[in-house]
Amino acid sequence: MKNYDLNIRYGIHTIKVTFQAWNHKGYVTYQVHGNCKGNALLDVDDYDLYDTDFLENTARLVALDEEWFQMYLTDENGVETEIEEEWNYLNDYIVGVEIIDYVEEVSE
C-alpha cells in the first residue's frame, strides 16, 4: 500500500489473510467498508470469514456447514494439501493479516 490516508473518514479497506500449514500456503482478500482504521481491522475471528465474499481466494476456503470449513493450500511446486477442520481451528492456520489497500468510499 502506498498511502494510508488517515484523513479519510469513510473508506474501503482491502484485507489479506494468509494461511499456512507446513510449507503449503494460500490467502483470501476481502473488503471492509466504513469508519474504522488500523489494528481493529487486523483482529480476524474464525467466524469473520464464514460468510465473507472474497475478492481473491487462492486458499479455496469454503464453509462446508456452520461447524466445518475446507481449504486447499499449495506449496511452491504446486502440490496441494487439503485442510478440513472445525471453524474454531481456522485461526491456527493464519500466519498473516494485513491491510493491502485503502480508498475513500464514494457515495453514489
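Is Phe-69 buried or exposed? Select Phe-69: with a relative accessible area of 0%, this residue is buried, where buried means under 20% relative accessible area, exposed means over 50%, and partly exposed lies in between (1.4 Å probe, protein chains only). This is a predicted model, in which local features need pLDDT of at least 70 and side-chain atom pairs count only at pLDDT 80 or more, while totals for chains, interfaces and linings use all residues. Residues are numbered from 1 along each chain as its sequence is written, and side-chain values use heavy atoms, with hydrogens and water left out.

**The nonpolar core**

Next, select Val-17, Phe-19, Leu-49, Leu-61, Phe-69, Met-71 and Leu-90. In the largest nonpolar core, which has 21 residues, these touch the most other members. Such a core is a set of buried Ala, Val, Leu, Ile, Met, Phe, Trp, Tyr and Cys residues joined through side-chain atoms within 4.5 Å. Two or more residues come from each of strands S1 (11-21), S2 (24-34), S5 and S7 (94-104); strands are DSSP runs of E with at least two residues, numbered from the N terminus. S1 gives the most, with 4 residues. In soluble globular proteins, nonpolar side chains tend to be buried together.

Centre the view on Leu-61. Leaving aside residues up to four places away in sequence, Leu-61 touches Phe-19, Val-28, Leu-49, Phe-54, Phe-69, Gln-70, Met-71, Trp-87 and Leu-90, contact meaning heavy atoms within 4.5 Å.

**Aromatic pairs**

Now display the aromatic rings. There are 4 aromatic pairs, counted when the ring centres of Phe, Tyr or Trp (its six-membered ring) lie within 6.5 Å; planes under 30 degrees apart are stacked, over 60 edge-to-face, and the rest tilted. Select Tyr-4 and Tyr-102: their ring centres are 5.1 Å apart and their planes stand at 50°, so the pair is tilted. Because Tyr-4 lies in the segment before S1 and Tyr-102 in strand S7, the pair ties together parts that are 98 residues apart in sequence. Tyr-4 is partly exposed at 27% relative accessible area, whereas Tyr-102 is buried at 5%.

Phe-69 in strand S5 and Tyr-93 in the loop between S6 and S7 are 24 residues apart, and their pair links distant parts of the chain. Tyr-93 is buried, at 15% relative accessibility.

Select Glu-80 and Arg-60. These two form a salt bridge, their closest N and O atoms being 2.4 Å apart; the term denotes a side-chain nitrogen of Lys or Arg within 4 Å of a carboxyl oxygen of Asp or Glu. Glu-80 lies in strand S6 (residues 80-86) and Arg-60 in the loop between strand S3 (56-57) and S4, so the pair ties together parts that are 20 residues apart in sequence. Glu-80 is partly exposed, at 40%, and Arg-60 is partly exposed, at 39%.

Move on to Thr-81, also placed in strand S6. Thr-81 is buried, with a relative accessible area of 19%. Its contacts, not counting residues up to four places away in sequence, are His-24, Met-71, Tyr-72 and Leu-73.
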